[in-house]
Structure formats: C-alpha cells, structure tokens
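Hello,

Here is the structure you will be taking over. My notes follow below it.

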Amino acid sequence: MTTDQRLQALIETTVNWYFESNPFVATFVGRHEFDSQVPDLSREAIEDQLAKSKEFLAQLEAINPDELSIDGQIDRKLLEIQLKDGIRQVEVLRSHEKHPGSAAGMLMNVAYIMLTREYAPLLVRGKDLLQRLQHTERLLEQSRQLIVNPPRIFTEIAIKQTQGGIMFFEGLIPMIKQQAGAFAGMIIAPVQKTIEAFQKHLAWLKELLPQSNGDFAVGEVMFTEMLQENHLLDYTAETLLAKGWEIFESTRQEMANLSREIDPNRSWEEILEGLKAEHPTAEGLLDYYRQELARVKQFVIDQGIVDIPANEKLVIEATPAFQRAVIPYAAYMQPAPFEKDQTGHFWVTPVDPNSPPEEQEQKLQGHSCYKIPVTTLHEGYPGHHLQLVWANTAGSLIRKLSGSTLFAEGWAFYCEELMEQLGYISDPKVKLARLNDQLWRAARIIIDASLHTGRMSFGEAVDFLVEKAHLEPVNAIAEVSRYTMSPTQPMSYLMGKLELLKLVNEYRKRKENHFDLKSFHNQLLSYGTIPPALVRKALFAGE
C-alpha cells in the first residue's frame, strides 16, 4: 500500500466514524444510510468523540507528507485542519457548553432538509424523520445538561430560533393532513410531541436568559490561531484589524469619487439613503429576485465566464422562519455533495407582516433595487451556487466535505467586482451599492477582529454597522448576532477575495497571452472548497 493509499484509507475511516457519530451531518451531505439515527449529545459521548479525534490525528501525523503526492499533501492538510478544529471547539472553546440553541437548531435544519430535498420518496423521508423526531425530548434534555453560563446573545438567538422552530413544525400539521391521508393520525402525534418538546425548551431558555452572563469572545490568541490554522492566513488579529481599516478607508474614498459622478451636490451617504427607498413591495420581493436570477444566469452563459454543470438547479424561496433571526437579507443552502440532485436553495428573508410598519420598511430598504443584482450574483450565478455545485464534483472524499469559508465567501465576493468589470453591473448607482457592500465587508473584518478580542462590544458593533456602513438597525443587529457565533467567518468575504485575486494575478502573469478566463475559473472551482493557500499548491504544482 502506497502512502497515498494509506492516507485515503484513514480519511475514509475517519469520515465514516464522524458520520456515525453525527448522523444529522451525514444527512446534510447526502449520506443517507444514517437517516433514521440521532446523535448522542451526552457529555460522555462528547468526551469519547474528543478522544477518538485525537487518535485519528495521531494516526494522521504518523503519515509523512513528504512521501505523498501533491494531491495527497493537500488532502492530508484538509483532514488535519478539520480534526484540529473539532478538538479545539470541544477542548478549548467548549462550544457545546455555550450554545443553548444548538440541538434545536440541528433538529430544525435536518427536518427542513429531509422535507425539501427530494433524494427519496416523501414517504421514505417522512418515515425516517418521524423516527428522529421521537428522540426530540431526549436530545433537547441532553443539550440542556451541557450548558454552562452561555453568552446572553446566544440565549437570545436560541429563543428566536426555537420560536421559529415551533412555527415550522406547527406549519407541517396542515400539510400532513392534506397529503398523508390515512396515515395522517400516525404522523401528527410525533410532530405534536416535538412541538411540545420545543415549547418546554423555549420555557427553559427564557428562564436561562437572566443567568446568561458568559463571554462570546474567543480572545486574541485563539482568534489568531484560527486565522492561521483554519484558514492558513499569514495574519494575526492585530494585522487583520489593520488590513480591515485600510480597505475600509480606501473603499470610502472610492465611494466618494463615484458619488461625485452620480450627483456632485450630494454625498455618497445621501445618495445611498435615497436608493434605499427604491425597493420591491413585500408581496413582490421573491419574484423580483427570481427575475434577476434568470438575467444573471444568462449573462454568465453568454459571456463564457465559467461552465455551468448540466444537472444544477437553483430555486428562490422564503428563508425558513427558524433562520430569520440571523439572516437579515439572503442566504444560500447548497445541494448535498453525495446526492444526484443538485438543487440549491436561495433564501430571501421576507418582511414580517406582524412587525411594526417602520420595521417592515427597514427590512425592505435592505432589499434595494440597486442592491438586489449584487446579492443575486453573489448567492447564485456565478457565486455561491455555481461554486458549490462545482465543489460537489471534487475527486477526493475529504475535498467534497471541505468547507473553507475563505474560499466560498471569497469566490462569491470576487464575482461581484468581476461582474462589474465584465459589464453586468453598469449603472453607477448599482456600482455604488456594490462598493457599499464592500464597505460592509471591510466593516466585517474590523468587527470580527474587534468583537472576539474584546476591542468592541455587541452594541458598539451594531452602532458601527449603522453609522459607518449604513445598514438598517434591525439588520445590523441580526448581522452582529451571527458574528458573535462564528469567529473568523465574517472576515472571510473580503480577505478571501484578496487571496483569490492574488491567485488570478499570478496565474495570469505566468500564462501571459495564453490566459483564458473560463478555463482558469473551471480549474479553480474543480479543486473544491479548500483554503486558497492549498488552491495555490494545486494550481502551480510542478512549476
């Protein structure tokens, strides 16, 4: 057995063990042999998984990277990143003790996936889901036993998401009555018990809230470690913060210059404020996005920007209720790498008709007609959807499962400027909206590095987004709520774009007159969602 074969055998063993221990994740990626199973969330099981992860890491470290091919070296590094981060989350960050909404969130997400992805007949998926729902009370109780002084914002988010989960499961009952016929009675009972378990969990969360005094910040040392070990970036928290400020100020200057072309008598802030008033109606919001999606997809085809796989599909739908607390505008749910059906789901967060009128208007202002083209190409074509469908074709097992936010978010953000250069974005007002999004992404770098190192409080971060990046207050709160839960993810958009631009420029320079944009993009996306540093290793192998 060659060293590469030993590595791939270890990867397969590790991945199979991980799916057995985390069957909800297996469902998410399309490994459906675990669809009726649920995880063990007890403290003993978590400690056992920690010990097993360390065993696999020791076996991996015994494999000499110098004896591997370039592809083997990349795969070895990907497994190392995933194992080390899993160990870090349990042993150092103690994430399982800080997130009181994690179990409810997992249940809601897996239920949504099993009901919307058509990988098997509905009756088969429904049977497996019902078996899982029978364990709802136990899973929620196990999760409650783990919690130790969570951050207040985590409990607040958990309350909103659990309330959304109750709405989600209550909404299933009319559908079941309509479609399940004689089996409706059998199905409704476990769904109703799930609702009751969620209601009990919600009551517990509300009691927990006054006692939630933990800190969400991971600290400067850990933040730097995550930048360097998870993302393979040559930055510290301090140098990343400096980079964020540098881009923030240069983007403000670009916006000032462009605003003088649009209207020399108004500042860019005044122009953008005026643009917010031009938005779709609440009723027509999703259709507006659908029309824009069709337009941008055709542009990608006509311009030959990158090949579009034949079996892909993208549907636009309302963001599920249980996700709206942390998705103010739009998001993307990718198809599973191990499923034949490659349908992605583009979520657009609708306006809550029960919220105050001024809050409804704030929400709609976040969906400006000048911002929607940028959001649509970012989430759809040639952004997230197209990149992740490509990633699902990656040759190795570990690459199919790799999810570098630096590459995924960097690619989608890279596409925004690319589409302007190619002429899709031509209206100066849309260009200004794109630059405002870049300002927001630069603000994310600043806030990410500041929130998690104690330089900025939650309230200060919200104020920064409202006053400096001009987000609406209700949307700024949702944004910062997400940042608290995902250190180093918010910086991924703009930093990832910069890392990809370095690759583009170096590749173009090496190829000189033989550079072809579509061929380059096809090759870039074929490696999977891996850190740009590893893309570089693959791209320039042997040179």
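**The second largest cavity**

Its lining has 8 nonpolar, 5 polar and 4 charged residues. Ala, Val, Leu, Ile, Met, Phe, Trp, Tyr, Cys and Pro count as nonpolar, Asp, Glu, Lys and Arg as charged, and the others, Gly among them, as polar. The model is predicted: local features need pLDDT of at least 70, side-chain atom pairs count only at pLDDT 80 or more, and totals for chains, interfaces and linings use all residues. Numbering starts from 1 along each chain as its sequence is written, and side-chain values use heavy atoms, without hydrogens and water.

A cavity is a set of points on a 1 Å grid over the protein atoms alone where a 1.4 Å probe fits but cannot get out; lining residues have an atom within 4 Å of a point. Points join across faces, edges and corners, and volume is the space filled by probe spheres set on them. The second largest cavity holds about 190 Å³. Of its 17 lining residues, Leu272, Lys276, Lys371, Asn436 and Glu472 are the closest to the centre. Helix α20 (428-451) gives the most to the lining, 4 residues. Helices (H or I, at least four residues) and strands (E, at least two) are DSSP runs, numbered from the N terminus.

**The sheet**

An open sheet has 3 strands in the order β1-β3-β2, with mixed pairing. Two strands pair if DSSP finds at least two bridges between them. The edge strands are β1 (312-318) and β2 (330-333). β2 and β3 (342-348) pair antiparallel over 4 bridges. Met333 stands opposite His345 in β3.

Regards

Terms used. On a 1 Å grid over the protein atoms alone, a cavity is a set of points where a 1.4 Å probe fits but cannot get out, and a pocket is an open set with protein on both sides within 12 Å along at least five of seven lines; lining residues have an atom within 4 Å of a point.
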